[in-house]
Amino acid sequence: MPRRSRLTRLSWLLVGIAAVAIAIRLVGLGARVAHQDEARVASWILHYMAVDAWEYRAIIHGPFLPHVNGFVFNLLGPSDFSMRLVVAIVGGLLPLSAWLLRDRLTRLEVLFVGALLALNPILIYYSRFMRNDVLLGAVAFLAFALVVRSIDTGHSRYLVAAGIAFGFAMTTKENALLYPVTWAGALVLLLDHRLFLARYQERDWYPVLKQSLWRAISALWRVKYAILAGVVAGATIVVAFYAPKPELYQALGDPTQLPSVLDAATIGTWEKFTGLWGDTGMQEHSTVAFLGHLLLVLAVGGLTTVIFGVLGFLADRYRKGGARDLVALAFYWGMASLVGYPIVSDIKAGWTGVHVLIPLTIPAAVGLAVVFRRAKRALRRDETRTAAVAMILLLGAGLVTVGGGVAVNAVYPADDRNPVVQYAQPAGDMKPTLAEIERASGEQEGIDVLFYGEEFYTEGELEEPATLDIDSGGYGGWFDRLPLPWYLEQYDARVGSTLDADDVEQMDAPVVITIQADASDIRHKLDNYREVTHQGYLHSRPVVFYIRE
């Protein structure tokens, strides 16, 4: 078959894989109740839309989701489905980036890269989650693949596209800064490969070092204008996203305001970022405990990618003709993320696995291809035992991936038995109760939903509705109520809170909410209410809902 025909078939197979990936991510996308992080950011987006203003808040990470989901909410309305839609589509399209690596990998390896990116349980779960990690991992991987494609083809336009892609990566989450550091470290290890090989071949290492550095500098110099264009394009995207609104739009009409807007978008953003995430208090934890949790997450949702990633790295490293730079670099990238994220993370969370698994798909695809070719050759030679072992490995990889995907995303999507799920995910199914609250909202004059107890209390809320504030942040009790404010804002519910148990009886709100520890204070005052308890977290935080019959 001609090479062009083979590549055409490969491209259509990748399109098919991406279509399956998107379908998996969209089915039942809005079924899971919002995680507290999702609800927190989504509530802020609704607030930005209401006040028609935005400025960077480091605690909710980059501006990509606030800006893009603001547009989505205007188009489709706010909902659990619409808030996750962009992340799901980006995660579903990620397998297409494997096409850019076709000159470095075999066609079979390219297909396996696409399949692993499409079907990995952790990547599926966090593609169905309104958070920046899949966005960052996907766009950074795209930028990396575009640079590789530029090297392979000599076309500098790919470098400009890579600059644009990484500019968008910088708008998603602050740990985008770790990616260039990781890539640089991996390149140093590749250089070490060459120096070690020179010594093995009894050559002087210094000329090899000098030649390697000279080639790299010469290559960079030849594409200096493309690199400059990519940097300018990426920086423009970063400034446009991080600049405060509406100040940016005003500055476009009045250029004298541009210096202050640029200062806020660059220096101001950096100061806010370092003021929060640069504080060592955010990383005061046991690195060993965090690493152990990440390994558990990978064992449950990424075992195939990790095991075959190690196998592929070793098989490629010791193959005839020597190791391929792409495979080795991707393996070092994944391993650096495995060690680095437990150090820099502020909480234990399954989403850190995203940054380990995406690069490891490349050596994992090599490992799967090695086993597949060995099985094919053994069958052709009638080597029954070898073929059986290889087929068992491939079947096991498929079963672990698909079975893990079903368990993580369908059987236990909000369950404390699933380590992939972060602890601030409300356990069980709260959606029927939320539907009752929606029906009750607006059915009478006065308060629709009354919060009781110190944990949920906001001073003065009975007289004037509490709102978020761009400068001061959330109001008293708001954070502890999450994810409920996200839903109550959608329902246009009138919300109040009290510390006085007598108010609960006197106000006769159709819905009363408290924590289980305070429920005994008011239960006897709510005879004609039905009591329902849901976990606010995966465990250890029961929230009691009283719904008027």
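This is a predicted model: local features need pLDDT of at least 70, side-chain atom pairs count only at pLDDT 80 or more; totals for chains, interfaces and linings use all residues.
1. Glu 436 itself belongs to helix H19, which covers residues 431-440.

2. The crossing of H19 and H21 is right-handed. On the H19 side the contact is made by Lys 431, Leu 434, Ile 437 and Glu 438, and on the H21 side by Leu 484, Tyr 487, Leu 488 and Tyr 491. Sorted by class, these residues are six nonpolar and two charged, with no polar ones.

3. The bond between Leu 482 and Pro 483 is cis, with omega about 10°. Pro 483 lies in the loop that runs between helix H20 (478-481) and H21.

4. Another cis peptide bond leads from Lys 245 to Pro 246, and its omega is near 10°. Pro 246 sits in the loop between H11 and helix H12, the latter being residues 247-253.

5. Next comes the largest pocket. It holds about 1,800 Å³ of space. Its lining counts 43 residues, and those closest to the centre are Val 147, Ile 151, Leu 187, Ala 216 and Leu 220. By class, the lining of this pocket comprises 29 nonpolar, eight polar and six charged residues.

6. Which helices supply at least two residues each to the lining of the largest pocket? They are H7 (132-153), H8 (157-170), H9 (178-200), H10 (205-222), H11 (224-242) and H16 (325-344). H9 gives the most, with 10 residues. A student can colour these helices in the viewer and look for the pocket among them.

7. Another helix pair to examine is H3 (residues 64-76) with H4 (residues 80-93). They pack at an angle of about 125°, and their axes are 9 Å apart. Because of that angle, H3 counts as oblique to H4. The crossing of H3 and H4 is right-handed.

8. Which residues make the contact between H3 and H4? H3 contributes Phe 64, Leu 65, Val 68, Asn 69, Val 72, Phe 73 and Leu 76, while H4 contributes Ser 82, Met 83, Leu 85, Val 86 and Val 87. This contact includes 10 nonpolar residues and two polar ones, and no charged residue takes part.

9. His 61 has a phi near 70°, which is a positive value in a residue other than glycine. His 61 is located in the loop between helix H2 (36-51) and H3.

Methods
Residues are numbered from 1 along each chain as its sequence is written. Side-chain values use heavy atoms; hydrogens and water are left out. Axes are lines fitted to C-alpha atoms, for helices over the stretch in contact, and angles run from 0 to 180 degrees between N-to-C directions. Helices (H or I, at least four residues) and strands (E, at least two) are DSSP runs, numbered from the N terminus. Angles under 35 degrees count as roughly parallel, over 145 as roughly antiparallel, 65 to 115 as roughly perpendicular and the rest as oblique. A crossing is left-handed if the near helix is turned anticlockwise from the far one by less than a right angle, and right-handed if clockwise. Contact means heavy atoms within 4.5 Å. Ala, Val, Leu, Ile, Met, Phe, Trp, Tyr, Cys and Pro count as nonpolar, Asp, Glu, Lys and Arg as charged, and the others, Gly among them, as polar. On a 1 Å grid over the protein atoms alone, a cavity is a set of points where a 1.4 Å probe fits but cannot get out, and a pocket is an open set with protein on both sides within 12 Å along at least five of seven lines; lining residues have an atom within 4 Å of a point. Grid points are joined across faces, edges and corners, and a volume is the space filled by probe spheres set on the points.
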